Amino acid sequence: MTDMPAPRDWMLPSALLHDGGHVSGQRTRRTGRDWLVDCALFAWAVALWVLTLCTAPEADFLPHWLVVMDAPLGALACVALWWRRRYPLALAIALIPIAAVSTTVFGALAVVILNLGLRVHRRTAWAVLVAHIALGMPYSILTAGDRAPDWTTISFVLAYYLFFYAWGAAVRAKRQLVSRLRADAQRERAEHARHLADVRRAEREAIAREMHDVLAHRISLLSVHAGALAYRTDAKQSGAAPLSDAEISSSAQLIRDTAHQALEELRDVLTVLRGSAQGSEGPQPGVADLPALVAEAERAGQRVTVVRDDDAGAARLRGPVQRTVYRVVQEGLTNARKHAPGAHVTVTLSGGRDRGLTVAVRNGLTGRADRPIPGAGAGLTGLEERVALDGGTLRHGASAGTFTLVAELPWAEPAATARPADAQDRAGAAAAQPQLPPH
């Protein structure tokens with residue numbers, strides 16, 4: 001047995017509350033509406049039974065036992081209506097011989113035929129309906145006698161059966177339509193939920209990628225500075241030249257400034273994630289910030305050479321592309337600092353409007369990372385996703401003692417500067433495009 005429907009659903013058919021409830025043989029608990037309909041149909045069948053019993057003409061030409069059994073058979077058919085939901089096909093078949101010899105079954109038979117169209121599959125229902133018509137037609141013509149022509153009786157019987165069957169079939173089709181619409185709505189809700197889950201997962205991945213890009217660089221700088229200070233302190237204890245107070249203060253100040261910058265960048269990321277209207281995201285790093293990034297790496301002891309062959313055109317690219325360029329260089333410097341300390345790093349920026357933009361970071365493989373700086377190992381994976389979002393490709397690998405990280409990006413200038421001649425024509429179209437979040 002199924003659970004009782006919610007109070008708000010008591011006026012809905014049970015076939016709509018339970019999947020497949022209209023199929024023969026499947027039991028469902030009646031709702032309030034079902035009880036009202038069953039009581040109304042039973043009362044209607046009983047009323048017609050009484051009316052037919054009182055107004056039936058004398059049929060002296062029929063056997064006495066058949067006249068006597070007419071009323072009990074009609075009453076039995078009325079009582080059997082209470083099982084029409086559970087056994088629609090069996091009830092329709094059981095009434096075939098009763099309908100063939102009884103006139104008081106008129107009301108109950110109408111309900112059974114309607115129920116046949118509503119709850120039984122079409123082919124089976126049509127076979128039972130033809131049997132009803134074929135066996136019931138002779139008795140109807142016989143009892144009509146001289147009161148009506150034969151063709152009138154035949155037309156009435158056909159209309160009687162077909163009308164109630166069509167009524168039941170129409171209700172069945174409507175319920176099936178409602179069930180399909182409900183299934184479609186549930187499927188759309190499930191797809192929407194999956195889409196939201198995918199969006200949330202993509203957002204979480206983007207957040208993790210952004211946090212990695214922002215913090216990994218700063219934390220690696222902190223590790224390098226702290227390691228250098230610890231080395232100088234050990235050298236002092238072993239009899240080497242002592243550290244002056246100014247050197248210790250400068251190293252501590254450098255570590256503090258780096259930690260402060262890491263916290264500031266983390267706060268900027270969290271401000272964007274919270275969607276705070278009070279805080280400002282601030283300018284995003286781009287090509288113009290590469291000298292400062294290289295200077296930070298050099299302060300940490302890295303040897304970096306920058307080679308540019310872009311005629312300063314990269315500084316005019318779209319913000320997301322510039323940010324990707326910055327992240328590629330940042331990741332390359334961070335990886336070199338972690339896995340090849342002391343190695344010389346070469347940063348190459350080349351390209352143009354017709355060639356695209358290529359960013360390459362190369363460093364030698366020193367094998368000196370006895371205690372490498374720990375990492376999540378997701379930097380290059382996240383960077384590859386970031387580059388792919390901008391329509392570019394990322395290649396990395398070691399060959400001939402050199403580790404190479406190369407990103408090839410399309411040359412994408414802002415729409416306002418791409419073609420000055422038609423900038424005004426495209427202003428409205430650009431405003432209509434959805435704004436993508438920075439990645």
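Biologist: Where in the chain does Ala-400 lie?

Modeller: The model is predicted, with residues numbered from 1 along each chain as its sequence is written; local features need pLDDT of at least 70, side-chain atom pairs count only at pLDDT 80 or more, and totals for chains, interfaces and linings use all residues. Side-chain values use heavy atoms, with hydrogens and water left out. Helices (H or I, at least four residues) and strands (E, at least two) are DSSP runs numbered from the N terminus. On that numbering, Ala-400 sits in the loop between strand 4 and strand 5.

Biologist: Is Ala-400 buried or exposed?

Modeller: Residues are classed by relative accessible area: buried is under 20%, exposed is over 50%, and partly exposed is in between (1.4 Å probe, protein chains only). Ala-400 has a relative accessible area of 80%, so Ala-400 is exposed.

Biologist: What is the phi of Ala-400?

Modeller: Most residues other than glycine have a negative phi. Ala-400 is not a glycine, yet its phi is positive, at about 55 degrees.

Biologist: Which residue forms a salt bridge with Glu-408?

Modeller: A salt bridge is a side-chain nitrogen of Lys or Arg within 4 Å of a carboxyl oxygen of Asp or Glu. For Glu-408, the closest N and O atoms of the pair are 3.3 Å apart, and the partner is Arg-395. The pair links distant parts of the chain, 13 residues apart, with Glu-408 in strand 5 (residues 402-409) and, in strand 4, Arg-395.

Biologist: In what order do the five strands stand in the sheet?

Modeller: Strands of a sheet pair through backbone hydrogen bonds, either parallel or antiparallel. Here two strands count as a pair if DSSP finds at least two bridges between them. The sheet is open, its pairing is mixed, and the order is 1-2-3-5-4.

Biologist: Which strands stand at the edges?

Modeller: In the strand order 1-2-3-5-4, an edge strand has a single partner, so one side of it is left without a neighbour in the sheet. The two are strand 1 (303-309) and strand 4 (393-399).

Biologist: Which residue forms a salt bridge with Asp-38?

Modeller: The whole structure holds six salt bridges. In this one the closest N and O atoms are 3.0 Å apart, and the partner of Asp-38 is Arg-85. Asp-38 lies in helix 2 (residues 32-55) and Arg-85 in the loop between helix 3 (64-80) and helix 4 (88-99), so parts 47 residues apart in sequence are tied together. Both members of the pair are buried, Asp-38 as well as Arg-85.

Biologist: Which residues are linked in a network of salt bridges?

Modeller: Side chains of opposite charge can pair when their charged atoms come close. Such pairs make up a network here, whose members are Asp-34, Asp-38, Arg-84 and Arg-85.

Biologist: In which helix do Arg-201 and Asp-198 lie?

Modeller: Their side chains meet in a salt bridge, 2.5 Å from N to O. Arg-201 is partly exposed at 39% relative accessibility, and Asp-198 is partly exposed at 38%. The two are three residues apart, about one turn of the helix, and both lie in helix 7 (residues 150-237).

Biologist: Which element gives the most to the nonpolar patch?

Modeller: Patches are made of residues with over 30% relative accessible area and no salt bridge, like charges being joined within 9 Å and nonpolar side chains (Val, Leu, Ile, Met, Phe, Trp, Tyr) within 5 Å. Trp-126, Val-130, Ile-154, Leu-158 and Leu-162 make a nonpolar surface patch of about 400 Å², with accessible areas from the Shrake-Rupley method, a 1.4 Å probe, and, for residues, only the protein chains shown as cover. Two or more residues come from each of helix 6 (122-144) and helix 7. With three residues, the top contributor is helix 7.

Biologist: What is the angle between the planes of Tyr-160 and Phe-164?

Modeller: The structure holds 12 aromatic pairs, where rings of Phe, Tyr and Trp (its six-membered ring) pair if their centres lie within 6.5 Å, with planes under 30 degrees apart counted as stacked, over 60 as edge-to-face and the rest as tilted. Tyr-160 and Phe-164 are edge-to-face, 5.4 Å centre to centre, with a plane angle of 70 degrees.

Biologist: How far apart are the ring centres of Phe-163 and Phe-164?

Modeller: Phe-164 is buried, with a relative accessible area of 13%. Its ring plane stands at 80 degrees to that of Phe-163, so the pair is edge-to-face, and the centres are apart by 5.2 Å.
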